[in-house]
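I opened the file to take notes on the fold. The entries below follow the order in which I looked things up.

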Amino acid sequence: MFALVLVLSALTAIELVTRRIAWSSRGINLQAWAVSLSATILLLPLVQYAVPGSLIESAPLWLSIPLFILVMDLGEYLFHRAQHASPLLWRMHSLHHSDHDMNATTTNRHFWGDSLLKALTIWPLAALIVAPTPTASAIYVALSLWNYFSHSAIDVNFGRWSWLINSPAYHRRHHSIRPEHYGSNFAALFPVFDVIAGSYHRPVGFPPTGLDERPEHIGHILLWPLRGARLPNGPVAAADRPAH
Ligand SMILES: [Zn+2]
Ligand SMILES: [Zn+2]
């Protein structure tokens, strides 16, 4: 938690110097964070279950830790693809895409049911493949702090090395409202999954983000899928919609 606050504060400090971000965006993101954190604390114990065993249970740490991280990241990638392919999941995921001022705090703008769904799907699936030992889980959580950097409004582009690890420019292309950017760069940590699946696109520039529909208060965050139902299945801006 201390590391998270430290990372978030450092990124926000850089954003404050380099780019003007609406404070209302950060306010909504912090509310979404509080809601999903509460839901996780209250509901996660109800949906969590132990897997009977793992395919890779007793491998040495140098192998089991990178494998666990890769399998978890693959799970995140597949779940994210499903969030854009399924109208029902998009109703929830569109909350994350609704930020017009994408910044480090957007990392926590997720519908509260998302992590519960992951607890029922990709997390147990990953645990069936590689044992989620406390060390592997702790290292994965620490690595996930990278997501704050990827969502930050800091203009960092790894150029031809973009396939190596996620970056602000790489993930911004995923959030972009430009039609030519749709359906690209789904990876959480490692873009190699985008490369394999053909969804990898080297990022260029600093495109605008957001959706027409956006939350204005905590009630919208709590009941977001009802508002998300009004949105088309994908990040489509008003200008690109049919006129009728
Ligand atoms: Zn997405
Ligand atoms: Zn994102």
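Which residues in H3 meet which residues in H7? I noted first that the model is predicted. From H3 I listed Leu 61, Ser 64, Ile 65, Phe 68, Ile 69 and Met 72. On the H7 side I found Thr 135, Ala 136, Ile 139, Tyr 140 and Leu 143. I sorted the residues of this contact into nine nonpolar and two polar, with no charged ones.

Next I looked at the geometry of the pair. H3 covers residues 61-85 and H7 covers residues 134-143. I found that their axes come within 9 Å and cross at roughly 50 degrees. H3 and H7 are therefore oblique to each other. I recorded the crossing of H3 past H7 as right-handed.

Then I turned to the whole chain. I counted 12 helices and zero strands. Its radius of gyration is 18 Å, close to the 18 Å from the globule rule for 244 residues, so I noted the chain as being as compact as a globular protein of that length. Along the principal axes, the C-alpha atoms fill a box of roughly 55 × 40 × 35 Å. I noted 35% of the 244 residues as buried. Of the contacts between residues at least 6 apart in sequence, 75% join residues at least 24 apart.

Last, I checked one residue. Is Pro 87 buried or exposed? Pro 87 counts as exposed, because I find 12 C-beta neighbours inside 10 Å and the cut-off for exposed is 12 or fewer. Pro 87 lies in helix H4, residues 87-97. Its C-alpha atom is separated by 24 Å from that of Ala 126, which is 39 residues apart from Pro 87 along the chain.

Definitions and conventions:
Residues are numbered from 1 along each chain as its sequence is written. Chains are lettered from A and ligands numbered from 1 in the order in which they are written. This is a predicted model: local features need pLDDT of at least 70, side-chain atom pairs count only at pLDDT 80 or more; totals for chains, interfaces and linings use all residues. Helices (H or I, at least four residues) and strands (E, at least two) are DSSP runs, numbered from the N terminus. A residue is buried if 20 or more other C-beta atoms lie within 10 Å of its own, exposed if 12 or fewer, and partly exposed in between; C-beta atoms are placed from the backbone. The radius of gyration is taken over C-alpha atoms; the globule rule is 2.2 Å times the number of residues to the power 0.38. Two residues are in contact if their C-beta atoms, placed from the backbone, lie within 7 Å. Axes are lines fitted to C-alpha atoms, for helices over the stretch in contact, and angles run from 0 to 180 degrees between N-to-C directions. Angles under 35 degrees count as roughly parallel, over 145 as roughly antiparallel, 65 to 115 as roughly perpendicular and the rest as oblique. A crossing is left-handed if the near helix is turned anticlockwise from the far one by less than a right angle, and right-handed if clockwise. Ala, Val, Leu, Ile, Met, Phe, Trp, Tyr, Cys and Pro count as nonpolar, Asp, Glu, Lys and Arg as charged, and the others, Gly among them, as polar.
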